[in-house]
Amino acid sequence: EWWADERKDQTPESKAIEEAAQILRSSDVPVAFPTETVYGLGADATRSVAVQGIYRTKQRPSDNPLIVHVDSLEMLDRLLNPENPSSPSATKTARASIPAIYKPLIDRFWPGPLTIILPNPSGSQLAPEVTSNLTTFGARMPSFPLARLLIHATNRPLAAPSANASTKPSPTTAQHVYHDLHGRIGLVLDGGPSGVGVESTVVDGLCGTPAILRPGGIGIEELRQCAGWENVTLAYNDGTFDVKEIPRAPGMKYRHYSPKARVVLFEAGSSPAGVARHVQRDLHDTAIHAHNIGIVRTRHWKQGLDLAPDSVLAKSLQPVDAAIENLFSFPLPVQETGSPNRRTKLAYDYHLGSDTVSIAHGLFAALRAIDECDVDVIYVEGISDKDGDLAAAVMNRLRKAAGAEMKA
Ligand code: TXA
Ligand code: MG
């Protein structure tokens, strides 16, 4: 077994896990823990009062259901087959199993950043608050060992949304969790920065054509390689394509991932000249009182000043016109629009990296750092949705941060 080498009560880590498990079993206070995607805010999924604690702590709308985290297929099997004391064993019916459509996904992607939607059985052990009274529940087996060790030690399925205050960017470090929720949670297990950096992909194989309800850590092309999932549809709407339905993952309709700054996202392929003109127009618009602007670069925007978010240099502000010229190699046509507001400064200039993996990994930390730098408006260089497995998830989160309209 993967935990066989863990000698209980010997390492500080196993002590912390045991303490967290104890809180989860015996109190109504949620506990934050690391996963490979983002940090989760966990509670015993079988106890209503514990699950209510999650909604209260995060200020999460009660109609947004939670993902149930399991450490093993055995634990999931027990959830699908609750013991029902009111029906005697004589009337035993066939055991429910995970629908066959999910088999290839589980074989390939579990444990890992994939959530599957399952029917919630009658007599379910899950607290009704977990499912927001839907007839289904989302289940996921995380790959990060600390997460599975915690579920194992608690010996309960754990309901866990991302451990941020509702509408804030998801946390990818224990410090992010502490920043949002300190004083309101039992403890946070620190497992270092989350590897993937965006949440799990949520898929529904229960009705008609299989659908992706939320893009995430498992890519669309990876899913399409699995038997039965070749024609998987995209049942979420981030404003770039036509979806007739209301978002089927209730969480996808809410404002999300929002720093205080206004986020202006440039889709992949925007011309540098067009970007520079847009930025200039913004800065000359007296209705926009931008004092500090920020820039988040990905693949192509020219290396700027490379100010790490926490560096002392980041606080020594740069004149914005020089910064834009430097960034886009595009001189400001001051004769057209007059002189830019001289008080406007470049307060944040950050390169997420050029490959999609590092962009996903650093995305939420960057959105949070922007708030720390007191930036009024941030210009972000987008990537193509098809440019790597995590690209659709990255752009989905960025479009939401930029306030893309939900048309459904
Ligand atoms: O990576 C992740 O999934 C992280 C970590 C902690 O595991 N968790 C996470 O949870 O992102 P949360 O609550 O932030 O997002 C859960 C998403 C929401 O969009 C919710 O609407 C959807 O899953 N969801 C949960 N149960 C559902 C159900 N029965 N039917 C449809 N969508 C569901
Ligand atoms: Mg969330």
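Start with helices α1 and α6: they cross in a right-handed sense. This is a predicted model, so to speak, and the tour begins at that crossing.

**Stop 1: α1 against α6.** Select residues 12-26 for α1 and 145-154 for α6; their axes come within 9 Å and cross at roughly 50°. That angle makes α1 oblique to α6. Now show side chains. On the α1 side, pick Ile17, Glu18, Ala20, Ala21, Leu24 and Arg25, and on the α6 side Leu149, Leu150, Ala153 and Thr154, which together make the contact. Colour them by class and you get seven nonpolar, one polar and two charged residues.

**Stop 2: α12 against α13.** Move along to residues 356-372 (α12) and 391-401 (α13), where the axes are 9 Å apart and the packing angle is about 25°. Because angles under 35 degrees count as roughly parallel, α12 is roughly parallel to α13. The crossing here is left-handed. For the contact itself, select Thr356, Ile359, Ala360, Leu363 and Leu367 in α12; they meet Ala391, Ala393, Val394, Arg397 and Ala401 in α13. By class, this contact has eight nonpolar residues, one polar and one charged.

**Stop 3: zoom out to the domains.** Colour 12-197 as domain 1 and 262-401 as domain 2. Where they touch, each side puts in eight residues: eight from domain 1 and eight from domain 2. Look at the domain 1 side of that contact and you'll find two nonpolar and six polar residues, with no charged ones.

Stop 4: Next, select Thr37, His69, Arg140, Ala160 and Ser200, which an unreviewed UniProt entry labels "binding site". How far apart do their C-alpha atoms get? The largest C-alpha distance is 12.7 Å, so to the eye they cluster in space, although they are spread over 164 residues of sequence. While you're there, click His69 and check its strand: it lies in β3, residues 67-69.

Stop 5: Finish on Arg60, which sits in the loop between α2 (48-58) and β3.

Conventions:
Residues are numbered from 1 along each chain as its sequence is written. Chains are lettered from A and ligands numbered from 1 in the order in which they are written. This is a predicted model: local features need pLDDT of at least 70, side-chain atom pairs count only at pLDDT 80 or more; totals for chains, interfaces and linings use all residues. Domain bounds come from an automatic or database domain assignment. Two residues are in contact if their C-beta atoms, placed from the backbone, lie within 7 Å. Ala, Val, Leu, Ile, Met, Phe, Trp, Tyr, Cys and Pro count as nonpolar, Asp, Glu, Lys and Arg as charged, and the others, Gly among them, as polar. Axes are lines fitted to C-alpha atoms, for helices over the stretch in contact, and angles run from 0 to 180 degrees between N-to-C directions. Helices (H or I, at least four residues) and strands (E, at least two) are DSSP runs, numbered from the N terminus. Angles under 35 degrees count as roughly parallel, over 145 as roughly antiparallel, 65 to 115 as roughly perpendicular and the rest as oblique. A crossing is left-handed if the near helix is turned anticlockwise from the far one by less than a right angle, and right-handed if clockwise. UniProt positions are given in the numbering used here, feature names are shortened, and annotations may be inferred rather than shown by experiment.
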